[in-house]
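Visitor: I would like to know what the words used for a structure like this one rest on. Could you go through them with me?

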Amino acid sequence: MARRSGGQSWNSRVVGAALAVTVLAGGVSVWTAQAGEANGTAPRASATARGKVPKAVAVSIAHASDAGPRGVNITIDDGPDPEWTPQVLAVLKEYGVKATFCMVGTQAQAHPDLVKKVVAAGHRLCDHTVSHNTAMDKRPDAYQSQEILDAERMITEASGGVRPMYYRAPGGAFTPYSRKLAASRGMRPLGWNVDTKDFERPGTAAIVATVEQELPNGPTVLFHDAGGDRTQTVEALRQVLPELKKKGYSFGFPVR
Ligand SMILES: [Zn+2]
């Protein structure tokens, strides 16, 4: 409803954004500076300042946790979603856990309030492309570039200037090119060790069991907060988080 009433300005923003992307695709990082000048309002200016200079990070795919050998990285993909993201945020808050949210650009653009809530709660953002094309590794570099940079921009705008710190290719469809591009923009390529398969709704017990069985593979665990009914995901997190704490794990972020 709110989006429809604001349709006109939304459209004009999209046109402006498309122009900005053209500039970015040229390989020049002048967009943030231009955005700051074009939008003279104070909040935008400060947001732009915060998001300004991306520092390059390593190009290899990260799995380790900054919380050390008993650290676990909770990662939440494909949102934000108005129904499920608030529920996931509530569970994370209940157990004092910080997570990494791999957002689809268009979802972030549609729900900037949720992106801001994720950031305000101390979680980190991750670029999960615009179209979630799990075969993007078969597409030309120009396509990959657009998918990654457009989503980066959409997420950063939605957050009010907080940049995604990671890049996770949909379905793990990384290429050397996409890893290098993301890393040059300060987004560490992010893998996972435990695929809970929550997306397939195997049942809460199965999701919980997968985490317990596969955590020895590595610390980065994959969940989803969009793409269908995520009741099982929310319930699984409610069981997994206190259980892992009890077993002496702590929660952290993927290394950069
Ligand atoms: Zn995904």
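Guide: Let us start with two helices: helix 8 passes helix 9 in a right-handed crossing. This is a predicted model, in which local features need pLDDT of at least 70 and side-chain atom pairs count only at pLDDT 80 or more, while totals for chains, interfaces and linings use all residues. Residues are numbered from 1 along each chain as its sequence is written.

Visitor: Which residues of helix 8 and helix 9 make the contact?

Guide: Asp141, Gln144, Ser145 and Ile148 come from helix 8, and Tyr177, Ser178, Leu181 and Ala182 from helix 9. Two residues are in contact if their C-beta atoms, placed from the backbone, lie within 7 Å. By class, four of these residues are nonpolar, three polar and one charged. Asp, Glu, Lys and Arg count as charged, Ala, Val, Leu, Ile, Met, Phe, Trp, Tyr, Cys and Pro as nonpolar, and the others, Gly among them, as polar.

Visitor: Why are helix 7 and helix 8 called roughly perpendicular?

Guide: Helix 7 (residues 112-120) and helix 8 (residues 141-159) pack at about 75°, with axes 7 Å apart. Roughly perpendicular covers 65 to 115 degrees; under 35 is roughly parallel, over 145 roughly antiparallel, and the rest oblique. The angle of this pair falls in that range, so the two helices are roughly perpendicular. Pro112, Val115, Lys116 and Val119 of helix 7 meet Ile155, Ala158 and Ser159 of helix 8. That contact has five nonpolar, one polar and one charged residues.

Visitor: How do you know whether Ala236 is buried or exposed?

Guide: Ala236 has 25 C-beta neighbours inside 10 Å, so it counts as buried. The cut-offs for such neighbours are 20 or more for buried, 12 or fewer for exposed, and in between for partly exposed, with C-beta atoms placed from the backbone. Ala236 lies in helix 11.

Visitor: How does Val119 count?

Guide: Val119 has 18 other C-beta atoms within 10 Å, so it is partly exposed. Beyond four places in sequence, Val119 is in contact with Leu125, Ser159 and Val162.

Visitor: What about His132?

Guide: His132 has 20 other C-beta atoms within 10 Å, which reaches the cut-off, so it is buried. His132 lies in the loop between strand 3 (124-127) and helix 8. Its phi is near 50°, a positive value in a residue other than glycine. Arg201 also has a positive phi of about 50° without being a glycine. With 15 C-beta neighbours inside 10 Å, Arg201 is therefore partly exposed.

Visitor: What is the largest nonpolar core made of?

Guide: It has 48 residues, and those with the most contacts inside it are Ile74, Phe101, Met103, Cys126, Ile155 and Val221. Six of its residues, the largest share, come from helix 8. A nonpolar core is a set of buried Ala, Val, Leu, Ile, Met, Phe, Trp, Tyr and Cys residues joined through C-beta atoms within 7 Å. Val221 touches residues beyond four places in sequence, among them Ile74, Trp192 and Val211.

Visitor: How many helices and strands does the protein have?

Guide: It has eleven helices and eight strands. These are DSSP runs numbered from the N terminus, helices being H or I with at least four residues and strands E with at least two. Of the 256 residues, 43% count as buried.

Notes. Axes fitted to C-alpha atoms, helices over the stretch in contact; angles between N-to-C directions. Left-handed = near helix turned anticlockwise from the far one by under 90°.
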